[in-house]
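Please look over the structure shown here before reading the points that follow. They are grouped by topic, so that each part can be found by its residue numbers.

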Amino acid sequence: MIGELTKSERQGALLILLALAVTGLAMAVGGSNDPLGTHGTLVMVVAIVGTFAVITGYYAPEPPESRLDSYYDTPTKFGIVAAMVWAVIAMAVGDWVAWLLAFPEWTFDAAWASFGRLRPVHTSGVIFGFGGNALIATSFYVMQRTSRARLPDQLSPWFVLFGYNLFCVIAATGYLMGVTQSKEYAEPEWYADIWLVIVWVTYFVLYLRTLNRRKEPHIYVSNWYYMAFILVVAMLHIVNNLAVPISWGSAKSYSLFAGVQDAMTEWWYGHNAVAFFLTSGFLGMMYYYMPKRAGRPIYSYRMSIISFWGITFFYMWAGSHHLHYTALPQWVQSLGMTFSVMLLVPSWVSAGNALMTLNGAWHKVRDDAVLRFMMVAAVFYGLSTFEGSFMAIRPVNALSHYTDWTVGHVHAGALGWVAMITFGAIYASVPWLWKRDGMYSAKLVEAHFWLSLAGTIIYVFAMWNSGIIQGLMWRTYNESGTLAYSFVDSLIAMHPYYIARAIGGVFFLLGAIIGFYNIWMTIRTASQAQSQAEPDYSAVGIEIPAVQPGR
Amino acid sequence: MFGFHYRLERKTIGMVLGIIGVASIGGIVEIAPLFTIHQTVEAAPDMRVYTPLELAGRNIYIREGCYACHSQMIRTLRDEVERYGPYSLAVESKYDHPMLWGSKRTGPDLARLGEKYSDDWHVAHMINPRDVVPESVMPAYAFLARTELRTDDLGKHLKAQRAVGVPYTDAMIANAPADAYGQASPDSPAAEGVVERYGKATMVRAFDGKPNDLTEMDALVAYLQILGRLTDAAHKPVASAEKQP
Amino acid sequence: MTITHDLLVWFSKSFGLFYLIGLSLIVLAYAYWPANQKPFEHAANAILDDDDKPYRG
């Protein structure tokens, strides 16, 4: 990997790592009796290991000029493997905490093992670790191809990927130590947030630099979605995480906002994290990989543009539907509800556009599990956006809010849409990236598909049942006009569903593990085949024609 | 005009500005009025700030991720009011940096938990929830009772709170560690200062049942016992028309 | 002049509506503008092109 960097890039890498090591040292010393110190040590160790890696490869020959004749895909390869590693870890933690709700004794009297500390490891691990790495990796791939331009340099993509994963590791280990801001989906503390801003700005600049080198005058629509993802997530992240640390030597900070402002800011963030992290970015992914895999252009390019602006605009107003009937002013609640319902239009335009793209390629969907992943993702996208608009209606929300229905809804989106489209995109790009005809085993892809689908359905049905039962039990009155059930009654009624949910999770996790194995074996056979057939093609600069799908 | 638009789009920066513009206006329009909301919100002159011990307890509540399963926001719905108490007012969380309204009730709402149960009940419940509620799925937090509370940096905590707008006085900041100790040690000389600075209604008790050592259990129970009791505003008839459903 | 809550709410409610309508019109016009059809169609088809090399000019 170091061999792919030019001399000046190697020097740049050393400088960055040196600065990082010094920062880590400062954190370790300044926060010596605080979790901040532990993270400082972690940062320093990472930076030192990185420095050694660069020094070891420092005198390797510079990459040949001919590298500019091909796209720079090594970062994408790294990002895909990282995404799969996070998927397995974070889904395993998720399933573990699902079991904890059925068997709460399994915490070994240890603080780190309790539900409250493990849950954000699951949510951040899946959203940022798995989803984020997949988005960054595929965005590098897509922006190069659609712009017909190579990444402008070899250092910044690595900075983005390593920096981002360092953020994820700091976040996850922090939760185990009790470091959290308690803002849902924005739990990492101030120092991790600042680091993410640095990484994110680099990512944004890298994207712009690549787009500015493009050959095509028109920017392909996938890039619009990816750009909205990068830009708006930056905006949300900075505003929602404004906070005052208690000192430079402490991990703890206090949010700048309080009470109702904080609630509105948090759910403006929270809902738009769903919109721009979990929707916009993955739509960008879908608009490239689905046509490519199906061998057909998008059904309607116009509709993809209209729904882009619709999503970018409407989502911003919808966050307040998380706060129906609370102390938030009612006009803000009504506004949120109205826009949430209107959101259905661009969302269904996107889902319909995706499914219509497959029209005429249904035989491929039948035979090709990879395309089927993408098709099911589009269906779940349509379903969960409908469900979301429905749940944003005030009277429906009165029943559904605070219950497991919300959890079911989120997982219909996260498992059915986000994870499925990601697996589809990863299975499509792995053979292209490692120059293979296909995955190591098509049967295992098939197995992964059915496990994922079964797991999602079990999970979602369990949570629909438990959520609606819960909501109804909480509001049922008996004949004498008093509440019929105690809270504990509802808790007892949840038990079988919590077990069913955890079993659904096992299915999904098994699928991800199989997927990881399959990808790993594809990479291994690729490197074996490569070392036998053409030992040094990259050195002499012969471009191997890419194996394309849609045969 | 659309030649212009097309050129705009060819320049990547045009796209960038377009996205920022379209996306940010929604947030600004929606959130900006909330920063003047104090003009319409019910006043609560009796509202007091968290004591250092309660604040430390609140931070433990945050640290352990309690908000993932417990809300602190009673909605304006009949069954919620009957189950949990008067619905929550905006003013009640005006010193909450960050708010802990929550989004999920795997366990019950806690907005009006204060003084509903005894200290002993809370301690037993934290040590093993299933000793008092056999069907509970809450994790056990026995380690809180054997972990000493860190108080040396409480002054810094109060200072940071003041920086974001909570009216802590210089005396409160200077005496924060002593006040934390005093609130859980009723017979110690430090106890008087707590009442002096935070009001007569402040609960000064050995929350974990052991007056001589200050544990995280003390802090958490002190916090749970103050939930919904920083002001009486919610128990009075409310005038604000806009928040009635 | 002080910015009152009522003023901000009024602005949010009125301006938001015009903004919404105006923006929809611009987007629809852009998407359906006849001259834009060619680049759109070209873009939709270009990604299917299997030439997996960056352009160097």
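**Where the two chains meet**

In this predicted model, the contact draws 96 residues from chain A and 82 residues from chain B. Of the area that chain A buries against chain B, Tyr254(A), Tyr402(A) and Phe487(A) supply 11%, which is more than any other three residues.

- The area buried between chain A and chain B comes to about 7,800 Å², and carbon and sulfur atoms give 64% of it.
- Between chain A and chain B there are 5 salt bridges, and in a salt bridge of 3.0 Å, taken from N to O, the side chain of Asp109(A) meets that of Arg146(B).

**An enclosed helix in chain B**

- Helix α3 of chain B, residues 52–63, has 12 residues and reaches 16 Å from its first C-alpha to its last, close to the 16 Å expected at 1.5 Å a residue.
- Because 12 of the 12 residues of α3(B) are buried, this helix is largely enclosed by the rest of the structure; among the buried residues are Glu54(B), Arg58(B) and Arg63(B).
- The cover over the buried residues of α3(B) includes α4 (115–147) and β2 (253–255) of chain A, together with elements of chain B, among them α7 (154–163) and α9 (176–183).
- Just after α3(B), Gly65(B) adopts a positive phi of about 70°.

**A nonpolar patch on chain A**

- Trp96(A), Phe103(A), Trp106(A), Phe108(A), Trp112(A) and Leu176(A) make a nonpolar surface patch of about 590 Å².
- Trp96(A) lies in helix α3 of chain A, residues 74–102, and is partly exposed, with a relative accessible area of 31%.

Technical notes: Residues numbered from 1 in each chain as written. Chains lettered and ligands numbered in written order. Predicted model: local features only at pLDDT ≥ 70, side-chain atom pairs only at ≥ 80, totals over all residues. Heavy atoms only, no water. Patch = residues over 30% accessible without salt bridge, like charges linked within 9 Å, V, L, I, M, F, W, Y side chains within 5 Å. Areas by Shrake-Rupley, 256 points an atom, 1.4 Å probe, with all protein chains shown as cover. Salt bridge = Lys/Arg side-chain N within 4 Å of Asp/Glu carboxyl O. Helix = DSSP H or I, 4+ residues; strand = E, 2+ residues; numbered from the N terminus. Buried < 20%, exposed > 50% of the residue type's maximum accessible area, 1.4 Å probe, protein only. Expected span 1.5 Å × (residues − 1). Contact = heavy atoms within 4.5 Å. Buried area = accessible area lost by both parts, 1.4 Å probe.
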